[in-house]
Amino acid sequence: MTDTTRPDRQRQAGRGRGHGGEQLTVPPADFSSYYGRPVLKPPVWKHDIAGYLFTGGLAAGSALIGAGAQLTGRPGLRTVSRWTALGGVAASTYLLVHDLGRPARFHHMLRVAKLTSPMSVGTWILAAFGPMAGVAAVAELAPLLPQHGALGLARRLAPPVGDIAGLAAAATAPALATYTGVLLADTAVPSWHDAYPSLPFVFAGSALAAASGVGLIAAPAAETAPLRRLAVAAATIELVGGRRMERLGVTGEPYAHGRSGRLVRAGRALLAVGTVAALVNRRSRILSAISGAALVASSVATRFGVFEAGRVSARDPKYTVLPQRERLDQHGPTAGR
Amino acid sequence: MPHANSLYGPLDPAPDAGYVDAPPRMGFFTDTSVCIGCKACEVACKEWNLVPESGRDLLGMSYDNTGALTANSWRHVAFVEQPRPAGWATPAFLDTPDGPPVSPATAEVAAHTSTDTGTYPGLPSGSPGAAARMSGGSEFLGMPGAHPPGRGSGAEGRTDFRWLMMSDVCKHCTHAACLDVCPTGSLFRTEFGTVVVQEDICNGCGYCISACPYGVIDQRKDDGRAWKCTLCYDRLGVGMTPACAQACPTESIQYGELEELRERAAARVATLHERGVPEARLYGHDPDDGVGGDGAFFLLLDEPEVYGLPPDPVVTTRDLPAMWKRAGLAAMTMAAATAVAFLGRRP
């Protein structure tokens with residue numbers, strides 16, 4: 001292939017608007033385009049999906065905590081977590097169906113099971129998780145039933161059934177919390193795809209943080225000791241797992257700059273605040289609630305930030321053309337590699 | 001047992017999808033060197049496939065008022081006006097001002113234009129900076145020119161300009177990300193190796209739209225479903241030529257067996273090189289490329305990105321096994337973290 005027609009691309013130090021912060025190794029934005037139009041179609045997913053990332057994670061984290069509380073004899077925390085898991089998964093299902101172009105056809109997802117489609121895998125994970133989380137939560141209503149008669153039998157049967165369902169939900173929960181990383185990464189959206197090693201860890205940490213947060217707010221203070229440890233673990237998983245996101249090169253830019261970057265940074269700051277507050281707090285109910293709220297808010301900010309970063313990267317031809325052009329110039333066509 | 005290359009690498013897609021005795025793989029070879037920009041392909045496609053209207057605004061993108069491939073435009077003719085030196089000929093516009101056809105300032109304004117294509121995301125506005133850079137074409141050096149080129153440098157430095165016209169279409173990839181990520185099985189591989197949406201199945205989840213590395217597939221606003229070129233599956237079945245190729249007056253769009261088209265394309269490039277068009281190159285023809293080769297490939301006269309094509313697309317599912325591994329690792333970490341948090345001593 002000849003070089004004679006390669007456009008003399010204008011040199012321009014390109015990093016968009018100058019934000020402070022760390023210097024990134026981003027190549028200058030010199031590339032050709034078709035009238036500056038995006039090469040890709042930006043995701044059509046609405047904020048429903050960013051919301052789903054949060055509610056799905058919250059449900060998964062809560063199911064894990066619910067099982068932990070169940071196995072270590074913490075009934076108050078168990079009840080709170082089971083209801084949160086059910087609420088989270090119900091909201092998730094609503095958001096997912098609502099986002100479809102044809103909501104009435106949501107059940108077409110159940111025609112097939114495809115490993116190559118993270119959305120199909122996720123549908124089946126949700127289909128397994130949802131009913132289990134539902135049974136576990138509803139079993140918490142057993143004490144409201146009368147002591148005798150047929151309902152009395154239900155009252156005695158409910159707790160063991162709820163325990164089995166709670167453990168089953170917890171068994172599928174880690175998959176529910178992490179498959180969403182693959183859901184976003186398995187696209188042509190540059191910032192999502194390139195972040196594929198990080199996203200499942202960021203989402204796993206974020207899910208545990210959100211669920212710990214709700215527990216810290218709503219569960220009896222005497223039972224929340226594990227949540228404080230879990231908040232630290234969540235922060236570690238999210239921060240260590242996500243440390244490479246902004247350093248991806250040009251496609252990491254949306255995680256550090258602009259509105260999406262501010263959301264991601266806010267998520268980290270809130271995570272740090274929530275974790276530290278949970279650690280130092282021993283007695284204060286108010287401090288507990290504040291740290292819980294910070295953890296929940298951190299998860300919301302992170303999910304919306306990551307979601308937004310992907311949309312930004314698909315909207316601007318720079319993020320599509322520059323990395324591919326760089327790859328071509330360095331290694332030649334992708335052929336045979 | 002799936003083929004070792006079922007996610008990446010050279011592959012014959014129809015047998016891989018389970019067809020026994022599949023007919024030869026069919027495709028398009030679009031030779032942009034003979035495209036005259038008549039848009040007969042766009043019209044023929046709309047007529048045959050009953051594709052709805054796609055907006056009637058002027059976009060400020062040369063003669064391109066379609067803008068992009070959308071759910072309501074399955075062929076899209078791109079127009080690029082480029083000043084470039086005609087090294088072997090007398091400047092055609094000697095004594096006339098013939099600078100870049102569009103000023104960077106105009107291009108920046110045009111980047112904001114759009115039209116209601118009736119689809120989503122349809123035709124998103126462009127990046128003004130990038131539009132300004134491309135406005136001057138290959139000779140543009142980044143300075144908004146207030147006077148015609150040559151005024152300062154003399155007539156020798158003047159440029160001629162050229163038209164690039166190209167009829168874009170769905171690439172019908174060997175490794176089609178849209179098809180692989182479709183959670184309903186609505187997108188499927190035909191016996192001809194092409195990729196088609198079954199509209200009675202599609203529930204408008206939009207995953208295919210984010211997965212396509214070429215930005216082809218798109219969603220109709222009024223019905224919520226995803227639509228794209230079917231390579232006239234209904235016509236292929238009865239041995240007919242797809243509508244666009246049938247309508248093309250210059251045989252810029254050629255339809256046929258992919259193997260044969262590849263040979264024809266290689267010969268055409270050799271001819272063009274011989275005749276002094278060294279910039280002619282093929283795009284999407286190589287079974288070893290990032291998508292395993294396209295069922296619809298092109299002869300281009302400039303870099304792919306000049307036409308709005310990705311220069312080196314790689315199907316996202318190449319990395320899918322690695323992605324699932326990372327997710328599995330993260331899931332185990334999550335479960336272990338919870339276990340450790342609860343196993344700790346009570347305060």
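Start by selecting chain A: from the N terminus on, its elements run α-α-α-α-α-α-α-α-α-α-α. That makes eleven helices and zero strands, where helices (H or I, at least four residues) and strands (E, at least two) are DSSP runs, numbered from the N terminus. Before going further, a word on the ground rules: residues are numbered from 1 along each chain as its sequence is written, while chains are lettered from A and ligands numbered from 1 in the order in which they are written. This is a predicted model, in which local features need pLDDT of at least 70 and side-chain atom pairs count only at pLDDT 80 or more, though totals for chains, interfaces and linings use all residues.

**Chain A**

Zoom out on chain A, and its C-alpha atoms fill a box of roughly 90 × 50 × 30 Å, taken along the principal axes. Of its 337 residues, 60% are buried; a residue is buried if 20 or more other C-beta atoms lie within 10 Å of its own, exposed if 12 or fewer, and partly exposed in between, with C-beta atoms placed from the backbone.

Next, select residues 149–185 of chain A, which form helix 4. This helix has 37 residues and reaches 54 Å from its first C-alpha to its last, close to the 54 Å expected at 1.5 Å a residue. (That expected span is 1.5 Å times one less than the number of residues.) Where does helix 4 of chain A have its kink? Look at A:Thr172, shortly before the proline A:Pro174, for a kink of about 35°. The bend at a residue is the angle between axes fitted to the seven residues ending there and the seven starting there.

**Over to chain B**

Now select chain B, with ten helices and eleven strands. Here 54% of the 347 residues count as buried.

Pick strand 11 of chain B, residues 296–300. Is strand 11 of chain B mostly covered or mostly uncovered? Five of its five residues are buried. On one side sit B:Ala296, B:Phe298 and B:Leu300, on the other B:Phe297 and B:Leu299.

Strand 1 (residues 26–31) of chain B pairs with strand 11 in the parallel sense over four bridges, and B:Phe28 has B:Ala296 as its bridge partner. Strand 10 (residues 281–283) of chain B pairs with strand 11 in the antiparallel sense over three bridges, with B:Arg281 bridged to B:Leu300. Two strands count as paired if DSSP finds at least two bridges between them.

Stay with chain B and click on B:Gly256, in strand 9 (residues 253–257). Its C-alpha atom is separated by 5.8 Å from that of B:Gly27, 229 residues apart along the chain. B:Gly256 counts as partly exposed because it has 15 other C-beta atoms within 10 Å.

Move on to the next bond: a cis peptide bond joins B:Tyr120 and B:Pro121, with omega about 0°. B:Pro121 lies in the loop between strand 3 and helix 4 of chain B.

**Two loop residues**

Select B:Asp21, in the loop between helix 1 (13–16) and strand 1 of chain B. It has a positive phi of about 55° although it is not a glycine, and it counts as exposed, with 7 C-beta neighbours inside 10 Å. Then try B:Cys232, in the loop between strand 8 and helix 7 (233–237) of chain B. Its phi is positive too, about 45°, but B:Cys232 counts as buried, with 24 C-beta neighbours inside 10 Å.

**Last stop: where the chains meet**

Show both chains together. The contact takes 81 residues from chain B and 82 residues from chain A; two residues are in contact if their C-beta atoms, placed from the backbone, lie within 7 Å. Which element of chain B gives the most to the side that touches chain A? Select helix 10 of chain B, with 15 residues there.

Notes:
The expected span of a helix is 1.5 Å times one less than its number of residues.
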